[in-house]
Amino acid sequence: MSAHPISSYKKSERLFALYQYLPRSKAQATSLTELMDKYARDTDNISSQRKNLENDLLSLNQIFTDIFYSQALVRIPAWGQNISGQTARFYIEPDFSIDVINEQTVFFWEMLSNYTANYLPVSFQQTLHHKLAQIRKREKVRFHQSALGQWQDYLINLPSVVQAPTIDN
């Protein structure tokens, strides 16, 4: 992170800086007060800076919802709930990424991983394998959350009336 406070950037830069700064686990969720340390250093306009931070967090949540169709920016308590008397805490889901991933990109990465692995630098190979593992994990989770992936929940095992054939002595 740079030496300048996040509030000194243009809005698009502020949102990207917030995305980078927010923690990636519920255990490390951070409050507005903690975010203000990185967001603004101007103590004269602290209330307006705090309001800007709240608006930026709302904008970031809206972008994730509208563009990525994901509730990646999590607020505790949940968005839309009244927080009177509570401290709102924020974090980004650990498996969320803003990478643009489509079939062609994944196909290219898999071919690169499968057929040129011996020619690539080790650090690049590791990054590639890690990225593919994340994609496969995310796709597996999405499948299991879909209606098709939940077909197993609707199976019923009934005892068979017909017995399997046996060998006569």
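The expected span of a helix is taken as 1.5 Å times one less than its number of residues, and helices (H or I, at least four residues) and strands (E, at least two) are DSSP runs numbered from the N terminus. The model is predicted, so that local features need pLDDT of at least 70 and side-chain atom pairs count only at pLDDT 80 or more, whereas totals for chains, interfaces and linings use all residues. Residues are numbered from 1 along each chain as its sequence is written, and side-chain values use heavy atoms, with hydrogens and water left out.

The 22 residues of H3 should span 32 Å at 1.5 Å a residue, and this agrees with the 31 Å between its end C-alpha atoms. H3 is followed by Tyr 69, whose phi is positive, near 50 degrees.

| Element | Residues |
|---|---|
| Helix H1 | 11–21 |
| Helix H2 | 32–39 |
| Strand S3 | 89–92 |

Leu 57 touches, among others, Leu 18, Leu 32, Leu 73 and Phe 90, not counting residues up to four places away in sequence.

In H2, Leu 32, Thr 33, Leu 35, Met 36 and Tyr 39 meet residues of H3 that include Leu 53 and Leu 57.

Key: Axes are lines fitted to C-alpha atoms, for helices over the stretch in contact, and angles run from 0 to 180 degrees between N-to-C directions. Contact means heavy atoms within 4.5 Å.
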